[in-house]
Structure formats: structure tokens, C-alpha cells
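Colleague: I am new to reading protein models. Could you walk me through some features step by step?

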Amino acid sequence: QVQFVESGGGLVQPGGSLRLSCTASGFSFSTWAMSWYRQATGNEREWVATISRENKTDYTDAAKGRFAISRDNAENTVSLQMNSLKPEDTALYFCNAGHVIPYFQIQWGQGTQVTVSS
């Protein structure tokens, strides 16, 4: 079955960096665009970044210039390098297949918590 396992979150000071990773299974990873999403407490889940199967990237305005998404099809992983972190980046981060709209609407992972605070 489809599964996503996210890792790499933590507590970081403003201006710091984190690298998130997600391992996917249960579908043909290399043929799908993969994305990161986040959900802050009390907010709806929102799209953050996408990498297509051709390695073309797309970012929300809030992530442009600070975040970088990458993929390793041999390992079925998608990563998110986050630099210059801000308190407003604090959220639970998830990965899924798809672009702005996630494809697997039911099969979400547990996410990885990112907290940006001094």
C-alpha cells in the first residue's frame, strides 16, 4: 500500500537550516511528481514545493529562494532543504505525490515537525 515516512524535522533558531526527507513506497515513485506540504496549528494544509518526474521544480512564494526540493528515484526519496528559516515556517511537514493538489488524499504519513523559535 502507499506509504510516506517523513523525517528530519526539529527545533531551529530563526535563520537556521533543516533538511527534511521522505521515503515513499507502494507506487511507481519515479513516474510521479512529488511535493512537500505543511500544516501549521489551526491552519489548513498548504502546498510548499514540487519536483516533477523531469526534475523541474516549483515553489510557493514563501519558499522561493530559501527552500530547495530534490529527489532520488533509486531510493524513492524526496528531500527539502530549508534555509533562512522563519518562525512562520513552523509547521508539520508532509510529502505526497502530485503538485498543488496531492494525489493520495487518504494515505498521508505522520509528518515531521519543524519549529523555528529563538
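This is a predicted model: local features need pLDDT of at least 70, side-chain atom pairs count only at pLDDT 80 or more; totals for chains, interfaces and linings use all residues.

Colleague: How many aromatic pairs does the structure hold?

Modeller: A pair of aromatic rings is described by the distance of the centres and the angle of the planes. Rings of Phe, Tyr and Trp (its six-membered ring) pair if their centres lie within 6.5 Å; planes under 30 degrees apart count as stacked, over 60 as edge-to-face and the rest as tilted. The structure holds ten such pairs. In one, F27 and W32 have ring centres 6.4 Å apart and planes at 85 degrees, so this pair is edge-to-face.

Colleague: Is F27 buried or exposed?

Modeller: Buried means under 20% relative accessible area, exposed over 50%, and partly exposed in between (1.4 Å probe, protein chains only). F27 has 15%, so F27 is buried, while W32, with 25%, is partly exposed. Y37 and W108 are also edge-to-face, at 5.4 Å between centres and 90 degrees between planes. That pair links distant parts of the chain, 71 residues apart: Y37 is in strand β4 (residues 34-39) and W108 in the loop between β9 (91-97) and β10 (112-116). Helices (H or I, at least four residues) and strands (E, at least two) are DSSP runs, numbered from the N terminus.

Colleague: Which charge lies over the face of W108?

Modeller: A charge sits over a ring if NZ of Lys or CZ of Arg is within 6 Å of the ring centre and within 35 degrees of the ring normal. R45 lies over W108, at 3.7 Å from the ring centre, and also over F94, at 4.5 Å.

Colleague: In what order do the four strands of the open sheet stand?

Modeller: Strands of a sheet pair through backbone hydrogen bonds, either parallel or antiparallel. Two strands pair if DSSP finds at least two bridges between them. Here the order is β1-β3-β8-β7, with antiparallel pairing. β1 (3-7) and β7 (67-72) are at the edges with a single partner each, so one side of each has no neighbour in the sheet.

Colleague: Which residues make up the covered face of β1?

Modeller: In a regular strand the side chains alternate between the two faces of the sheet. In β1, F4 and E6 form the covered face, and Q3, V5 and S7 the uncovered one.

Conventions. Residues are numbered from 1 along each chain as its sequence is written. Side-chain values use heavy atoms; hydrogens and water are left out.
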